[in-house]
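Here is a briefing on charged pairs and helix geometry. Please read it alongside the model.

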Amino acid sequence: EIEDDSRRILRYLQFVNEAKKTNRLTQYTRDDANRWLLELTTLLKLKLQNCVELKELRYEVIRDMASYQTSGPARNYFLTYWLEEKYDLELKGSGNFSDLIQGRPLKWAIMTLPFHVDPDRCRNVISAKQAMITG
């Protein structure tokens, strides 16, 4: 019975997704619909683990969300999320950077760090321990 209810909800979500595509929704309402669809399909995924229709709906929604992102990192996030889920990938970091960092002069690393010195706090500095770097 729970699976029947879940499948009815899935059919409704597919209907909402089709309605979203045919209506000329603004990006704001399209984004709201996509977020809602993604949230509900995530919950349904627990009940319908091997449902192909559910997976296809999720993939379509994630790709659609990536399509209107104006930020490259946001678009990359959604596309990576889609690839990981669709192809069951487990992306890991590239590993240990210590050899890369240790092989470079420390001055290079420090030069990349933004910092600000507050001149008012540094006027009456008696020792190096009292110097304040803010940032």
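A salt bridge here is a side-chain nitrogen of Lys or Arg within 4 Å of a carboxyl oxygen of Asp or Glu. By this rule the count comes to 6 salt bridges. The model is predicted.

- Asp 5 forms a salt bridge with Arg 8, and their closest N and O atoms are 2.2 Å apart.
- Both residues lie in helix α1 (residues 2-22), where Asp 5 and Arg 8 are 3 residues apart, about one turn of the helix.
- Asp 5 is partly exposed, at a relative accessible area of 32%.
- Arg 8 is also partly exposed, at 47% relative accessibility.
- Asp 31 forms a salt bridge with Arg 35, with 2.7 Å between the closest N and O atoms.
- This pair sits in helix α2 (residues 27-47), and because Asp 31 and Arg 35 are 4 residues apart, about one helical turn separates them.
- Asp 31 counts as buried because its relative accessibility is 15%, under the 20% cut-off.
- Arg 35 counts as partly exposed, at 48% relative accessibility.
- An α-helix has 3.6 residues a turn, so residues three or four places apart point the same way.

**A pair between helices**

- Which residue forms a salt bridge with Lys 45 at a closest N and O distance of 3.8 Å? The partner is Glu 85.
- Lys 45 lies in helix α2 and Glu 85 in helix α4 (residues 72-86), so the pair ties together parts that are 40 residues apart in sequence.
- Lys 45 is partly exposed, with a relative accessible area of 35%.
- Glu 85 is buried, with a relative accessible area of 18%.
- The pair belongs to a network of salt bridges that links Lys 45, Arg 58 and Glu 85.
- Side chains of opposite charge can pair when their charged atoms come close.

**Helix α3**

- Helix α3 covers residues 52-67, which is 16 residues.
- At 1.5 Å a residue, α3 should span 22 Å.
- Which residues of α3 are buried? They are Leu 54, Leu 57, Arg 58, Tyr 59, Val 61, Ile 62, Asp 64, Met 65 and Ala 66.

Note on methods. Residues are numbered from 1 along each chain as its sequence is written. This is a predicted model: local features need pLDDT of at least 70, side-chain atom pairs count only at pLDDT 80 or more; totals for chains, interfaces and linings use all residues. Side-chain values use heavy atoms; hydrogens and water are left out. Helices (H or I, at least four residues) and strands (E, at least two) are DSSP runs, numbered from the N terminus. The expected span of a helix is 1.5 Å times one less than its number of residues. Buried means under 20% relative accessible area, exposed over 50%, partly exposed in between (1.4 Å probe, protein chains only).
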